[in-house]
Amino acid sequence: AALDSADLVILSLRFRNWPDAEMKHFVDAWQRGVPIIALRTSTHAFNFPADSPWAKYSYNSKTSWAGGWGKHVLGETWVSHWGKHKFEATRGVIEPGATRETLLRGVTDVFGDSDVYEAYPPADAKILFRGQVLKGMSPTDAPADHRKKRATDKQEQGVNEPAMPIVWTRVHQNDAVKQNRILTTTMGAATDFENEGL
């Protein structure tokens with residue numbers, strides 16, 4: 001019910017299978033055009049069974065909404081851990097061209113001990129930060145230099161060549177033909193918020 005009058009929705013969800021009434025409140029808020037801030041696992045916020053009326057919202061949807069709500073609204077769904085989970089931390093690097101963004105005013109340092117996710121936001125997204133995979137869990141660790149195959153096309157690349165997007169914005173036109181301003185970050189584990197820059 002709190003979503004009925006929300007001016008902003010902040011998501012920190014993962015694989016939810018909400019009852020119909022709760023999901024309807026959420027969808028109604030989204031279709032009203034509220035701005036959305038989506039943290040880390042919200043790219044894969046929903047996991048409904050195939051016979052659910054909400055199945056298309058699931059992160060692994062294979063319908064006309066392939067990738068579900070995360071892919072179509074936020075700009076990405078669950079793909080993979082790009083950095084080695086619990087062994088390779090993330091240093092945020094401001095995307096060239098984003099240095100004058102209002103959202104980044106005063107931000108000089110972003111670090112999180114969560115790993116980088118593999119992510120490919122759509123062309124209409126404005127990438128603000130890329131996540132440099134580090135060799136360890138400290139902000140002073142060197143960048144990782146190993147190679148990895150992308151889950152999407154099995155092509156191999158250096159994990160930081162280029163680094164994956166970790167923060168982006170976009171404007172999404174929803175099913176009710178309203179626009180949602182979106183900020184998505186694949187950072188946002190509880191310990192990441194010890195970093196003031198994030």
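User: What is the relative accessible area of K126?

Analyst: The model is predicted: local features need pLDDT of at least 70, side-chain atom pairs count only at pLDDT 80 or more, and totals for chains, interfaces and linings use all residues. Residues are numbered from 1 along each chain as its sequence is written, and side-chain values use heavy atoms, with hydrogens and water left out. K126 is classed as partly exposed, the class between buried (under 20% relative accessible area) and exposed (over 50%), with a 1.4 Å probe and protein chains only. The relative accessible area of K126 is 32%.

User: Which side chain meets K126 in a salt bridge?

Analyst: A salt bridge needs a side-chain nitrogen of Lys or Arg within 4 Å of a carboxyl oxygen of Asp or Glu. For K126 the N to O distance is 3.7 Å, and the partner is E101. The pair links distant parts of the chain, 25 residues apart: K126 is in strand β7 (residues 126-133), and the loop between β4 (90-94) and β5 (110-112) holds E101. Strands are DSSP runs (E, at least two residues), numbered from the N terminus.

User: Which residues do salt bridges that share partners join with R147 into one network?

Analyst: E161 and R147 form a salt bridge, with 3.8 Å between the closest N and O atoms. Because E161 lies in the loop between β9 (156-158) and β10 (164-173) and R147 in strand β8 (residues 147-149), the pair ties together parts 14 residues apart in sequence. The residues joined with R147 through shared partners are E156 and E161.

User: How many salt bridges does the structure hold?

Analyst: The pairs E76 with K71, E101 with K126 and E161 with R147 are among them. The total is 11.

User: With which side chain does the side chain of D115 make a polar contact?

Analyst: D115 sits in the loop between β5 and β6 (117-118) and is buried at 1% relative accessibility. Beyond its neighbours within four places in sequence, its contacts (heavy atoms within 4.5 Å) include R40, W82 and E88. A polar contact is a pair of N or O atoms within 3.5 Å; within protein, one must be able to donate a hydrogen and the other to accept it, and residues adjacent in sequence count only if both atoms are side-chain atoms. At 2.6 Å, the side chain in polar contact with that of D115 belongs to H81.

Note on methods
Helices (H or I, at least four residues) and strands (E, at least two) are DSSP runs, numbered from the N terminus.
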